Amino acid sequence: MSQANKYYITTTLPYTNSDPHIGFATELIKADVIARWQRMQGKEVIFNTGTDEHGLKIHQQAEEAGLTARKYCDPLAMRFKSLKEVLNLSFTHFIRTSDEHHKKAAQVFWQRCWDNGDIYKKTYSVKYCVGCEMEKTDSELVDGHCPLHPNREVELIEEENYFFRFSKYQQPLLDFYSAQPDFVVPAHRFTEIKNFVSSGLQDFSISRLKSKMPNGVAIPGDDEQVMYVWFDALVNYISTLGWPDDLDNFENFWPAVQVCGKDNLRQQTAMWQAMLMSAKLPPSRQVLIFGFLTANGQKISKSLGNGVDPFMFAEKYGAEALRYYLLTEILPFEDSDFSEERLRQKYNADLANGLGNLVARVSTLLEKNNIATALVTDEKAAINILETESGLADYQFHRALQYIWQEIAACNEELTAKAPWKLSELTDIEAVLKPLATRILQIALVLQPFMPVTAEKIINQFTQTQIIKSESLFPRLGAETELQ
Ligand SMILES: [Zn+2]
C-alpha cells in the first residue's frame, strides 16, 4: 500500500497511430497540475504517461509503411515524449507498451489471472471498431458506425479467443464502489459506471489470432494467440512502477490516481479494476473522468480530420499561455469547445493586460524609486489558499484560476487607484508598492502548479532585495491580428 508521502498519478496511454492532438495535451496538462500540486505539498510524486503501441490500428499502419510496429512507433513515441518540454510538463515516467519490461509484466499478469481461473477459450463473433480498439454491440452503433469514429467501417471478427471472466466480478466491483464513494470523479460518471455494472457484465475477449494480427504481447503457453491490446495496455499502470520485479517501488506508490477521457470510463473503472482483483492486486485509488475537447461540437481527433495541433499553439502563443487557456476555459469534467479566437482574447485580457501588466508596473516603479523589499516566500500560505479558498482540492482548475485572477485584478485596481507615480514622498510610495509586491509574490506561489515557468520567473524577480523590471511576460498580441 502506498505511503502517505508518496503519490502516483498516470494519464492514459494514447495510441501512436498519429501525432498528439490537443485533447491529449489537455489531459497531460491537467495531470501535471495535480502532480505539481502534490509535490508542492511535499510528496514524492510519480507522474506516468507513455504510448500504447499494440493493436490492429497500428498493425495496419505499420504494414502500409513496410515497418515493424516498434519501428513505425519510434518517431511517434518521441513526439509524444517531447510534449514534456513543449508544454512544460513534469512527468517522471514515460512507458511504451512495446518495452520489453512491460511485455514481461503483462505476461506475469496474464498468468496470475489464468491461475485464478479467470481466463478461458471460446469461439465468438463480434463487431469491432478499430478506432476504439473495442468491441461494439448493435445498440452502441449509429447507422452501423461507431459514433466516435463515423469514418471507419466496423470490422466483423470471428475466431477462437481467450476470454476474461468479467461477469464474475459484477458483485465484487459493486461492493468495491460502495466502499470507496469518491472512486470516480465526477459523481455522474460514477453513477454511469455503477449502472453499467449493475445491468450485468459480459466476459470480454482478451486475445487475437496471431496469424491475423501479430502486433501484441505473446501469450504464455500459446504461440497462436497474442494479447488483446487493452489487456496489456492497462497493465502499464503497474509495469511502469517496476512490477513485478521491483515490488518495493510498487508497494510504495500503488495505488494510482488515474485520469482519462470519458470514452475510457468502462476500461479504467470496471475492466481494469476487475483485472486487478483477478490478479489479487489492490484497486486504483481514484479515477478522474475528464470531458472531451471539441472543435465545432465534434470530438477532436486526427481520424475525424479536425485535429488541433498542440505543437503549433505552444509555438505560437507559448506553453504557459496555452496551459492557462486550457485550464481556465476548458472545464475539467464537461465537454468544452476549443477556440483560437477565445485563446487570443484570454491572452490579451488576462495575461498581457492582467498579470503581465501588474508585474511590469510594480517592478518598474520599485526599480525607479530604488525601493528595497527583501520579500520571503510563504509556501505554507500558498498551499493553504489552494487547498481551502480555490477549487483545486476538487480538481476545479478553472475556479482556482478565477480566484487567482480576481486577486490580480484587485492589485491592478489598487495600483491605479492609489497612483503612486503621483506621490512625492518616498514613504508614501513605499506604502503602496511594498504590500503590492508581497501580493504579487503570493500570486506567483499559488500559480506554480498551473503556469510553472511564469511562476518561477516572478518568484525569482520578486525575491531579489532590489526588484528590477524584467522582460515583458506576455507581450500583447500584434494589432494586425487582434480581435475585438
Ligand atoms: Zn470507435
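Helices (H or I, at least four residues) and strands (E, at least two) are DSSP runs, numbered from the N terminus. The structure is a predicted model: local features need pLDDT of at least 70, side-chain atom pairs count only at pLDDT 80 or more, and totals for chains, interfaces and linings use all residues. Residues are numbered from 1 along each chain as its sequence is written.

**Surroundings of Cys411**

- Cys411 counts as buried because it has 23 C-beta neighbours inside 10 Å; a residue is buried if 20 or more other C-beta atoms lie within 10 Å of its own, exposed if 12 or fewer, and partly exposed in between, with C-beta atoms placed from the backbone.
- Leaving aside neighbours within four places in sequence, Cys411 is in contact with Leu358, Leu436, Arg439 and Ile440; two residues are in contact if their C-beta atoms, placed from the backbone, lie within 7 Å.
- Tyr347 is 64 residues from Cys411 along the chain, and 18 Å separate their C-alpha atoms.

**Two domains**

- The domain assignment gives domain 1 (6–310) and domain 2 (339–481); such bounds come from an automatic or database domain assignment.
- The C-alpha centres of domain 1 and domain 2 are 40 Å apart.
- Contacts link 9 residues of domain 1 with 10 residues of domain 2.
- On the side of domain 1 that touches domain 2, helix α1 (residues 22–40) gives the most, with 5 residues.
- That side of domain 1 consists of 5 nonpolar, 2 polar and 2 charged residues; Ala, Val, Leu, Ile, Met, Phe, Trp, Tyr, Cys and Pro count as nonpolar, Asp, Glu, Lys and Arg as charged, and the others, Gly among them, as polar.

**Packing of α1 and α11**

- Two packed helices are described by the angle between their axes and the distance between the axes.
- Helix α1 packs against helix α11 (residues 319–328) at an angle of about 90 degrees, and their axes are 10 Å apart; axes are lines fitted to C-alpha atoms, for helices over the stretch in contact, and angles run from 0 to 180 degrees between N-to-C directions.
- α1 and α11 are therefore roughly perpendicular to each other; angles under 35 degrees count as roughly parallel, over 145 as roughly antiparallel, 65 to 115 as roughly perpendicular and the rest as oblique.
- Thr26, Ile29 and Val33 of α1 meet Arg323, Leu326 and Leu327 of α11 in this contact.
- The residues of the contact of α1 with α11 are 4 nonpolar, 1 polar and 1 charged.

**Buried side of α16**

- In helix α16 (residues 452–462), the buried residues are Thr454, Ala455, Ile458 and Phe462.
- These residues cover an arc of only 100 degrees around the axis, which puts them on the same side of α16; the arc is that of the directions from the helix axis to the C-beta atoms.
- The cover over the buried residues of α16 includes α11, α12 and α15 (426–447).

**Backbone exceptions**

- Most residues other than glycine have a negative phi, and most peptide bonds are trans.
- The peptide bond from Val185 to Pro186 is cis, with omega near 0 degrees, and Pro186 sits in the loop between β7 (184–185) and α6 (187–198).
- Trp243 and Pro244 are also joined by a cis peptide bond, with omega about 5 degrees.
- Ala374, in the loop between α12 (340–368) and α13 (379–389), has a positive phi near 55 degrees.
- Ala374 is exposed, with 9 other C-beta atoms within 10 Å.
- Tyr395, in the loop between α13 and α14 (397–418), has a positive phi near 65 degrees.
- Tyr395 is buried, with 21 other C-beta atoms within 10 Å.
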